[in-house]
Amino acid sequence: FASLASVFAGGEALSRSLVDRTKARRDVEVVNLYGPTECTVQAITWTTEPAPSGRMEPIGRPIDNVTARVLDPRGERVPVGVAGELHLGGACVARGYLDRPELTAERFVRDPWSDDAAARIYKTGDLCRFRDDGVIEYVGRADFQVKLRGFRIELGEIEARLAQHVLVREVVVTMREDALGDQRLVAYVVLRG
């Protein structure tokens, strides 16, 4: 029998147009993988289905031994369809950041839904929402971090470095996409008079 090949995509939001272009070239299933490095890189998956063109693919459902919760700023669960910050828990969660205890305490918090007092959930910084069918959709970021070609970038760190130049009075860095799929970082600078 003939087996269907799979193409795995991860690192950035997966557009329906990319799925359609991929499937037009080959008879493959496209699997969307989601997961930050702090949670073993792949914590949630989604095998694409026929869908209206132009929308983003959902990130999917948690894999075995992973819990996913969408919470408001107070740490309470949000209703289906409402965006909140995605928190991941279970066997996938790292212990924290090496030699960064403050950042570890901020991002790896106690899991209040676990019977294990040592259980932690990781605050991803990603805004997501649950659909009625339990599938998770990515909405955006809760902070100023962006992803470019699979790399997480803190725009504030770039701004701080550029602001150190003697001629720079003000600076703002953003990610632009002038043409579909052509993303780049752009710095807007005001020079000293």
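**Entry 1: the open sheet**

In what order do the four strands of the open sheet stand? I looked this up before anything else. The order is β1-β2-β3-β4, and the pairing is mixed. β1 (5–10) and β4 (61–62) are the edge strands with a single partner strand each, so one side of each has no neighbour in the sheet. For my own record, strands are DSSP runs of E with at least two residues, helices are runs of H or I with at least four residues, and both are numbered from the N terminus. Two strands count as paired if DSSP finds at least two bridges between them.

Before going on, I noted that this is a predicted model, where local features need pLDDT of at least 70, side-chain atom pairs count only at pLDDT 80 or more, and totals for chains, interfaces and linings use all residues. Residues are numbered from 1 along each chain as its sequence is written, and side-chain values use heavy atoms, with hydrogens and water left out.

Back at the sheet, I checked β3 (residues 44–47) against β4: they pair in the antiparallel sense over two bridges. Ile44 stands opposite Pro62 in β4.

**Entry 2: the helix across the sheet**

Next I looked at helix α1 (residues 16–25). It lies across β1 and β2 (28–34) and runs at about 145 degrees to β2. That angle is between N-to-C directions on a scale from 0 to 180 degrees, with axes as lines fitted to C-alpha atoms, for helices over the stretch in contact. Contact here means heavy atoms within 4.5 Å.

I picked out Leu18, which sits in helix α1. Leu18 has 36% relative accessibility, so it counts as partly exposed. The cut-offs are under 20% relative accessible area for buried, over 50% for exposed, and partly exposed in between (1.4 Å probe, protein chains only). I also took the distance from Leu18 to Val30, twelve residues apart along the chain: their C-alpha atoms are separated by 9.8 Å.

**Entry 3: salt bridges**

How many salt bridges are there? The count comes to ten, taking a salt bridge as a side-chain nitrogen of Lys or Arg within 4 Å of a carboxyl oxygen of Asp or Glu.

I went to Arg16 and Glu57, whose closest N and O atoms are 3.0 Å apart. This pair links distant parts of the chain, with Arg16 in helix α1 and Glu57 in the loop between β3 and β4, 41 residues apart. Are Arg16 and Glu57 buried or exposed? Arg16 is buried, and so is Glu57.

Then I looked up Arg184 and Asp182, a salt bridge with its closest N and O atoms 2.4 Å apart. Arg184 counts as partly exposed because its relative accessibility is 39%. Asp182 is partly exposed too, at a relative accessible area of 30%. Salt bridges that share partners also join Arg16, Asp20 and Glu57 into one network.

One more pair went into the notes: Glu170 and Arg169 form a salt bridge, with the closest N and O atoms 3.7 Å apart. Glu170 is partly exposed because it has 46% relative accessibility, and Arg169 is partly exposed because it has 48%.

**Entry 4: two hairpins**

I followed β8 (residues 120–130) into β9 (residues 136–141), an antiparallel pair over five bridges. Phe130 has Ile136 of β9 as its bridge partner. Five residues lie between the strands of this hairpin, and Gly134 takes a positive phi near 90 degrees.

Lys147 stands opposite Arg152 in β11. Which residue takes a positive phi in the hairpin of β10 and β11? It is Arg149, near 55 degrees, in a hairpin with two residues between the strands.

Leu167 is in the loop between α3 (155–163) and β12 (168–179).

**Entry 5: whole-chain numbers**

The protein chain has three helices and 13 strands, and 32% of its 193 residues count as buried. Its C-alpha atoms fill a box of roughly 70 × 50 × 30 Å, taken along the principal axes. The accessible surface comes to about 12,300 Å², of which 53% belongs to carbon and sulfur atoms. These areas come from the Shrake-Rupley method with a 1.4 Å probe, and for residues only the protein chains shown count as cover.
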